[in-house]
Amino acid sequence: MHQYQIGLTSSYIALTLGGFYFMYALKYYISSLLALGLFSIDPEKLQSKPFHRILSLQNQDEITIGDEPWVSIHLPFFNELNVARRILEACMDINYTNYEVLVADDSRDTTIEILRERGWRHGNPIIKFVHRKDRSGYKGGALQQAMKYIHPLTQFIVVFDADFVPPAKIIRQFIHQFRLHEQDKKPVAAVQGYQLHYLNRNENWITKGVRAEFSGSYMVERLAEEIIGAMKMVSGSVFMFKASVLRELGWNHSITEDWDLTIRLYIEGFKVVYTPLIQAPAEIPTTVRRIIRQRMRWAEGHTFAVRKYFLSAIRSGKLTLAEKLEFLYFAPYYLQSFIFIIGSVAWIIAQYYKRHPSFWTPTLGWSLVFSNFLAIPMMGFTGIFLEGDLAEDFNGVFGFIALSYFIMPYQAYAALKGLFESEEGFWFRTLKTGHITDYFLGIKLRGLIEWIKKLRKSRELEALDTIRVPVKLPIRRLLFFSIVFLVIWPVLEFDSGASTGSSLVYFLGYMLRGVVNG
Amino acid sequence: MGRHYSVSGGNLYIFTTGQERLLDLGVFPSELNLFEAESAWRVSPWIAVVENVLQKAAEMAQIILQLNDYERISLPTNILEHYFLDGDEYSLLEVIQQASVEVSPVINLQDDAPS
């Protein structure tokens with residue numbers, strides 16, 4: 001192929017993929033701005049704001065919920081020798097009366113010896129073990145089996161993966177959220193809390209990277225989804241379901257059973273509520289190999305489910321416009337980094353041959369590359385800033401960037417597999433090690449820390465200040481203006497590259513002329 | 001109040017009422033494959049259930065249970081299953097009072113549950 005053609009083709013590929021990815025980047029930037037904005041509201045004035053329910057636990061030391069509906073906590077186990085005892089003990093310490101703990105066990109190792117111990121059978125709380133001799137349907141199969149054996153009075157079901165350590169007040173927090181949304185037009189099926197992957201964050205660069213990633217996802221992305229009323233995922237752990245809805249919909253055998261259930265519940269007219277204030281700390285996978293396997297399963301199962309339910313979801317009259325748009329955004333979710341890499345490489349090739357359309361200047365190309373590249377890291381920075389951990393965890397963002405591009409080809413392969421295969425692949429479990437480097441049973445939230453500080457001052461109890469309050473720097477403003485700049489930079493460049501009129505109109509006209517003239 | 005076991009629908013049910021606590025499940029040798037990885041079983045604070053237990057294993061289990069002062073009793077499967085769900089002794093005790101305690105030395109998997 002002629003060099004001119006290679007250069008020009010590359011530039012068009014870069015333009016298309018870069019523009020496509022910019023839609024994702026734009027969402028990340030807007031989400032970061034929304035999260036920064038929400039947490040800049042004075043907590044004491046929050047009650048009068050429209051989004052107060054998201055942070056409604058903030059001013060409550062003790063959550064009063066009145067009567068206690070029966071709750072069944074489900075713990076899916078598969079060879080959890082390192083962590084089984086820890087989560088069972090945490091569940092026994094929960095500050096609630098009417099609940100049971102139901103272990104859905106598929107173990108093939110000596111975890112079974114732990115489950116057989118007599119110490120779990122004192123009846124307060126009730127602990128039930130349901131062991132299967134096969135692993136059919138993986139986690140979804142085990143959870144569906146558990147549904148057969150829940151207490152008949154059960155009104156709510158909570159699920160934790162084995163590596164989590166639920167805090168004592170977590171059931172009350174979940175029920176409080178349900179009660180806040182009782183009058184919502186759309187019925188709430190589930191409340192999703194924050195999977196605070198934190199317990200071994202300082203184990204290595206991978207754990208620090210994943211910690212930053214989850215912080216961006218849970219403190220920023222999901223929070224913005226909640227603010228704008230978009231579709232929110234039930235994410236495998238740290239969520240409470242209405243038992244009646246779960247009885248109706250049931251778990252199926254997908255390798256991403258959580259996402260599959262999420263789509264089905266939205267199609268049926270329910271919704272998921274998210275709050276970052278319900279937090280349960282958990283482990284982080286410690287090796288690249290484990291991360292790759294986990295993410296390949298997510299990518300494959302996620303894409304498979306999107307394909308399976310795509311038309312039902314889009315045609316459903318029960319999803320709002322915001323939920324449908326979010327679903328469309330979720331659809332190619334695991335191909336993002338692939339799209340970004342291909343687009344950026346194409347742009348570099350185009351630059352090498354010095355070929356691009358007239359409206360597509362080198363400055364515009366590079367601004368788009370940088371703006372796209374920095375979108376997820378900025379979300380990570382914002383997330384850990386909002387948690388008050390920026391000074392300690394900022395380097396995790398760099399680990400996360402490295403990790404995300406390392407796993408990109410595997411993730412892209414798995415996503416394509418999920419798109420074209422007739423049946424899903426296997427579930428490769430993520431080993432839980434039980435390692436702890438940082439123990440935390442509270443709420444990681446900068447706003448809350450500030451609020452407690454104010455409260456202590458008002459009560460003249462500064463001497464008891466044991467909470468580490470971050471140094472006051474204009475970081476919030478710095479993040480805010482950096483994000484705004486990164487959003488408008490490509491747009492400004494695009495405009496300046498146009499010769500006449502609006503750059504967008506020019507671009508569309510250019511493309512249209514190209515189509516018309518062949 | 002008491003210690004009982006029953007075989008119903010091919011399942012072995014070991015249960016207690018009142019203040020009695022279930023026996024240590026480790027008393028069953030792994031060769032019986034009762035509470036092991038390769039069998040399907042359930043345990044709550046008051047009842048343990050092994051599903052689709054083999055005749056030979058059930059016979060051996062019966063000996064161990066009798067050594068631990070467990071009495072065999074015939075109860076409907078639905079009553080036992082409900083007992084697993086909520087641990088409510090009321091309906092169970094009603095049936096137990098009506099049922100006769102069996103002393104058969106050999107378990108027959110086919111005829112334990114009343115029709």
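Q: What makes strand E3 (residues 126-131) of chain A and E3(B) a pair, and in which sense do they run?
A: In this predicted model, the two strands are joined by three bridges in the antiparallel sense. Strands are DSSP runs of at least two residues and helices (H or I) of at least four, numbered from the N terminus.

Q: Why is H1(A) called roughly perpendicular to H6(A)?
A: The axes of helix H1 (residues 3-39) and helix H6 (residues 205-228) of chain A come within 8 Å and cross at roughly 80°. Angles of 65 to 115 degrees count as roughly perpendicular, and therefore H1(A) is so described relative to H6(A). Axes are lines fitted to C-alpha atoms, for helices over the stretch in contact, and angles run from 0 to 180 degrees between N-to-C directions.

Q: What makes Tyr334(A) count as buried?
A: Tyr334(A) lies in the loop between helix H10 (321-330) and helix H11 (336-352) of chain A. A residue is buried if 20 or more other C-beta atoms, placed from the backbone, lie within 10 Å of its own; Tyr334(A) has 25 such neighbours and is therefore buried.

Q: Which residues are in contact with Tyr334(A), leaving aside neighbours within four places in sequence?
A: They are Ala299(A), His302(A), Thr303(A), Gln411(A) and Ala415(A), contact meaning C-beta atoms, placed from the backbone, within 7 Å.

Residues are numbered from 1 along each chain as its sequence is written, and chains are lettered from A in the order in which they are written. Local features need pLDDT of at least 70, side-chain atom pairs count only at pLDDT 80 or more, and totals for chains, interfaces and linings use all residues.

Technical notes. Parallel < 35°, antiparallel > 145°, perpendicular 65-115°, else oblique. Buried ≥ 20, exposed ≤ 12 C-beta atoms within 10 Å, placed from the backbone. Contact = placed C-beta atoms within 7 Å. Pairing = 2+ DSSP bridges.
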